[in-house]
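Take a moment to turn the model around on your screen before reading on.

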Amino acid sequence: MTKSTLFFVLVLLCLGAHRLGHRRSLQVASGRIRNLHSLPGYYGFFVALWCGVPALILLVCWLMFEGPVIDYLVIWSLPDEFRNQPPEQLGLIINDIRNVAGGKETSATNPAIHVAASEYLRLRSLSDALLAAVALSVAVVGGVVAGQRIQPELRARNKVEGALMLFLIACSLVAIFTTVGIVLSVLFESIRFFRLVPITEFLFGTDWSPQMAIRADQVGSSGAFGAVPLFTGTLLISAIAMAVAVPIGLLSAIYLAEYATPRVRAIGKPLLEILAGVPTVVYGFFAALTVAPFVRDVAQSLGLEASSESALAAGLVMGVMIIPFVSSLSDDFINAVPQSLRDGAYALGATQSETIRNVVVPAALPGIIGGILLAVSRAIGETMIVVMAAGLAANLTGNPLQAVTTVTTQIVTLLVGDQEFDSPKTLAAFALGLVLFLATLSLNIIAMHIVRKYREQYE
């Protein structure tokens, strides 16, 4: 029995256990629900949990240890000349054994590899059979024990809700631990990078050329890791994008929320939000094939020198892309402003535009700032548009008509292909990610302070 089939069988057993628990609760209550502490459905869920949770825990633990145990047994069955190989070589041998067992083409011709592949298949089959027998036995025993515990005074609802609470806590912890793991992994790799490259050179250096010689006999650059050109390029493109997205998004939100008729709003809001569903690669093509040549031609017609790939082209298209983020969130928060605030302004003789400017927008300011922050994060993290429209050149310039690059673009560039994670070139990607994380965190803290300040005035 395969593991997917076993999981399907366990699901069916849980459904059956729920039904049996439901019937059992009615039997012990002599058919009168008022004699039970909880509704019959809770007793069914109680039995289903006892049937499925232990078997599921067993299944997860089995899957965690099955691979290493089988690999160890297969290696132990190999001749001495294979077992005495270093760990790296043993990993390659195990990979060849798995390829032979899976029927894939491999260069392994040693008969011992084929014998080990047969042993590998035998152990996998034995493991699947044992897992099915043990898991089904645990599920059945758990269901029977839970069914025997059903009594009218059993607080089944409390136990079921307690199990659900534990599940929700576990899901929350998974999200928290994942975030902590990401931060720690980036931090540790960044520390390794800063042991090789001084942090002052990284933060304040103006030359970015991470190419390095991999071998001692290879001709290559010693590497320059001054990240200032990347920071300025990121800020330049993000500023251009914000200059496009914030006014258009905010004004469109005000129009749709305060001025537009219901018919116009029903048509305009979905059309505006369609922009959020366009893939970024499509925006990249549009920026590279249409906007960038147009910007270059316009600049040349004005006597200005412009590159075929420019920060202005990338920023303009990126601004169009993030308009829906600003507009949609701002519109939602403007509509959430109590109507009583508007009525009070009208009662004092304010016009509609004065009410919007002096009452509605300040009251919705926390939400508007949240939408702008989301747009800023989206602009900072964008990669595809920058690659296709702004280029990869790490130029330290404030001229929007020149080619620049961003932090995220360089992270992708540094990690593409086969890389050595002991090289400063590869570790630089983690340092860039750490700086980007800290910058975003600082931005969020400042925004929370501003939101709290304005929220105190309107609550």
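**A walk through the model**

Ser 127 is buried, with a relative accessible area of 9%. Keep in mind as you look that this is a predicted model. You will find Ser 127 in helix 5. Which residues does Ser 127 touch, not counting those up to four places away in sequence? They are Trp 62, Glu 66 and Ile 70. With Trp 62 there is also a polar contact, made between the two side chains at 2.9 Å.

Side chains of opposite charge can pair when their charged atoms come close. How many salt bridges does the structure hold? The count is ten. One of them links Glu 119 with Arg 122, whose closest N and O atoms are 2.7 Å apart. Helix 5 covers residues 111-149, and because these two partners sit three residues apart in it, about one helical turn separates them. Glu 119 is partly exposed, at 22% relative accessibility, and Arg 122 is partly exposed too, with a relative accessible area of 46%.

Next, find the salt bridge in which the side chains of Glu 258 and Arg 342 meet, again with a distance of 2.7 Å from N to O. Glu 258 belongs to helix 8 (residues 228-259) and Arg 342 to helix 12 (residues 339-347), so this pair ties together parts that are 84 residues apart in sequence.

Another salt bridge joins the side chains of Arg 378 and Glu 382, at 2.8 Å from N to O. Here Arg 378 is partly exposed, with 26% relative accessibility, whereas Glu 382 is buried, with 3%. Salt bridges can also share partners: in this way Arg 265, Lys 269, Glu 273 and Asp 331 are joined into one network.

Now for the cysteines. A disulfide is a covalent bond between the sulfur atoms of two cysteines. How many disulfides are counted in this model? The count is zero. Take Cys 14 as an example: the nearest cysteine sulfur belongs to Cys 51 and is 4.5 Å away. Since a disulfide needs the two sulfur atoms within 2.5 Å, Cys 14 is in no disulfide. For Cys 171, also in no disulfide, the nearest cysteine sulfur is that of Cys 14, 17 Å away. Cys 171 is partly exposed, with a relative accessible area of 39%.

Finally, let us look at the nonpolar residues. In soluble globular proteins, nonpolar side chains tend to be buried together. The largest nonpolar core in this model has 52 residues. Phe 193, Trp 208, Ile 237, Ile 322 and Leu 432 are the ones with the most contacts inside this core. Among the elements that give two or more residues to the core are helix 8, helix 10 (280-301), helix 14 (365-381) and helix 17 (424-455). Which helix gives the most? Helix 11 does, with nine residues.

Zoom in on Phe 193 to see its surroundings. Leaving aside residues up to four places away in sequence, Phe 193 touches Phe 202, Phe 225, Pro 424, Leu 427, Ala 428 and Ala 431. A second, separate core has 20 residues, including Leu 10, Val 47, Ala 55 and Leu 59.

Terms used: Residues are numbered from 1 along each chain as its sequence is written. This is a predicted model: local features need pLDDT of at least 70, side-chain atom pairs count only at pLDDT 80 or more; totals for chains, interfaces and linings use all residues. Side-chain values use heavy atoms; hydrogens and water are left out. A salt bridge is a side-chain nitrogen of Lys or Arg within 4 Å of a carboxyl oxygen of Asp or Glu. Helices (H or I, at least four residues) and strands (E, at least two) are DSSP runs, numbered from the N terminus. Buried means under 20% relative accessible area, exposed over 50%, partly exposed in between (1.4 Å probe, protein chains only). A polar contact is a pair of N or O atoms within 3.5 Å; within protein, one must be able to donate a hydrogen and the other to accept it, and residues adjacent in sequence count only if both atoms are side-chain atoms. Contact means heavy atoms within 4.5 Å. A nonpolar core is a set of buried Ala, Val, Leu, Ile, Met, Phe, Trp, Tyr and Cys residues joined through side-chain atoms within 4.5 Å.
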